Amino acid sequence: CAASRQATCGDGCIPVSWLCDGEQQCPDGTDELCECECFSVPAVCGAKKLQCPGTHHCIPHWELCDRHQDCEDGWDEEGCPVQPCLPGQWQCRNRVCIVAEWKCNGVDDCGDSSDEDICAPCPPGMVRCDEGKCILESLMCNDEDDCLDGTDEPSTCGEWALGRGSPRPCNCLLVCCHQVCSAHVDIRSGNLYWLAFPPTPLLGPSSPHPPTLFSHLSCPRTHMPCRDGTECVAQEYVCDGEKDCVDGSDEEGCAQLCDTPGRRQSLYPCGLGVCLNASLVCSGQQDCADGSDEGGNCSLPCQRHCSQLCYPSPQGPRCWCAPGYQLAEDGMSCVDVDECTEQGKGTCSQICLNAPGTYSCSCLAGYLLEPDGHICKLGGPEPMLLVAVQSEVLSYGLRSGHEEVLLTTDKERTVFSLDYDLVERKIFWMDLATESISWQSLDSSKKGTLVKGVRSDCIAVDWLGRNLYWTDGVAGQVLATSLGAAWRGKPEYTVVLDGDLEQPHSLVLQPLAGMLYWSEVGKQPRLMEATMDGRRQRVLLAQGLGWPTALALDLPTSRLFWLDEKLSNVGSTHLDGTDVKVLQLRWVQSPFAAAVCEGQLYWSEGKAWSVQQVDKATGKNRTVLLKRHGQPHGLQVPTWGSPDSRCTLCWMLLTDSVPSGTNGCTKSNGGCAQLCLPNP
């Protein structure tokens, strides 16, 4: 039997998880004899190494799921994510899939040199970063990014120990009939899970102590572990009034926040950590479980000069405020709560109007306010999500969940980045196999090629100025061509941005304002803006970024969203670079493209082969919308309907945020004979 996964059962083998599970699988019942003395392979590995089950062989944590079998029975590669490339392909550092035989052929087939950087072996005692350079093995998991891409600090770094209160580490598999320790690695979250029986006393068939699932997970600095040790939650979710941990531990110990200046309402902290409405204190009835809301100085009259309300308490009279107000620093006066500026609350999805003691939400033209009074939904037809999956483009109904294949290319070709022209109802996409940008009409079978001889991570359609833009990360350029161009044997495009760009990656346009925004993922990652003719370049954000690989523009709120592959977070900023908000979300692993619609953020996740969504304001309520056999790439939320209604809607969306911005190419091509690039 395989020592790491099976146990002897008569003449056969059974999984170790069947041992001592209360059900007899072996004819002689030996799988349920749980009183024998346990003999295990001793733990011989240090804190930063993992013992291959049933052996004395140790491997570093970073060798888990590295697509190389390091344990003799392959245990270190079990349960790992599937390689997101097709059989016979190899994934580059920039997530492009190339033919495996092209690796180490002396030609930069990836476009980022990663297929050639890995060819020379590292010297003994050194390991290779994903980016290509070699570092000392002692620098792995030392809490410092010695690799530029951070691959020397994977999520599997950290102490590997048994659950809370356990007396010894469990980094070996116990192979007898009791104290089973069966492990499973979730490399995507960096957690190790195993099944363990309490070591003492020895368990019998009628033992009251069932097997317990322990896990050790190392939470990032921006997260806190739940008490049961099963998950991490972001710090901004702690004491926010919602239970994000299954055991509710993120909402425990919040009593110190109940009656501090700045709270929307004054709440009374019970001694056991529960917050009680002030109106229930000193009511003659015990409402706190420990009785701390009654007695003491409850009989003292309220003689303080409170601006609004006063309530008695066991500690003496206290001032408090009506809903919509909060207690000021002096502890007696009340000030209005501006619900519209409170960060992370998501008070209104679009327009928030503050008033003394209250607020109201409203929506932009084309949207309807939901019955909850907070969320704005698009009116008219159901909004659709366009997703490129391998050689297909799918539409996904954001209300019905209905899926439909809109177009299919040759199977050897890959639809990479895509965008949609809402005027002529055409889908444009980048095809890396043929190094071309192609298009197909949704109203007919017409299709064509716009330009050839280009490589790009991202394309974007200016549906108003009738141009298409794309980034070239290798050349460090942003380029453009006319939507009406046709391939006639030579390229017809212009370089819009050149010079000091360092690996431009994702790109989004704001056509009515004549502005473009892009991300750079080089040594100094940053978010940039410029006019659509390449002038007036400006840095929006240059701090707190790793690899901002996916951008999305939210026009109703005038915010730019990004997803960071290296830091596993979602961020957003106002279009002037202010009011930066960042949500640490550990499931953001390899984002390729993103889109915002109504209150949701959507993105394509390369490693998980899925399209996911979260609440754009809080990062909560994550949902996997699509998961197919194929890697998703481009993603867009187009606006359906007649051209006139679409243009009217888009104009209304942007009128408030861009009062002086216009696209000068909308009339007579701006007076240009060929390509017109707007300069507002």
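**Hairpins and an open sheet**

The hairpin of E27 and E28 has 4 residues between its strands, and Arg425 there takes a positive phi near 50 degrees. Strands here are DSSP runs (E, at least two residues), numbered from the N terminus. This is a predicted model, where local features need pLDDT of at least 70, side-chain atom pairs count only at pLDDT 80 or more, and totals for chains, interfaces and linings use all residues. Residues are numbered from 1 along each chain as its sequence is written, and side-chain values use heavy atoms, with hydrogens and water left out.

**Strand E28 and its partners**

- Strand E27 (residues 415–421) pairs with E28 in the antiparallel sense over 5 bridges; two strands pair if DSSP finds at least two bridges between them.
- Tyr420 has Ile427 of E28 as its bridge partner.
- E28 also runs antiparallel to strand E29 (residues 436–441), joined by 6 bridges, and Asp431 stands opposite Ser436 in E29.
- The hairpin of E28 and E29 has 4 residues between the strands, with Glu435 at a positive phi near 50 degrees.

**How E28 is covered**

- In E28 (residues 426–431), 6 of 6 residues are buried, meaning under 20% relative accessible area (1.4 Å probe, protein chains only).
- Lys426, Phe428 and Met430 are buried on one side, and Ile427, Trp429 and Asp431 are buried on the other.

**The open sheet**

- The order E39-E40-E41-E42 describes an open sheet of 4 strands with antiparallel pairing.
- Its edge strands, E39 (548–554) and E42 (581–584), each pair on one side only.
- Strand E40 (residues 559–564) and strand E41 (residues 569–574) pair antiparallel over 6 bridges, and Leu560 has Thr573 in E41 as its bridge partner.

Definitions and conventions. Buried < 20%, exposed > 50% of the residue type's maximum accessible area, 1.4 Å probe, protein only.
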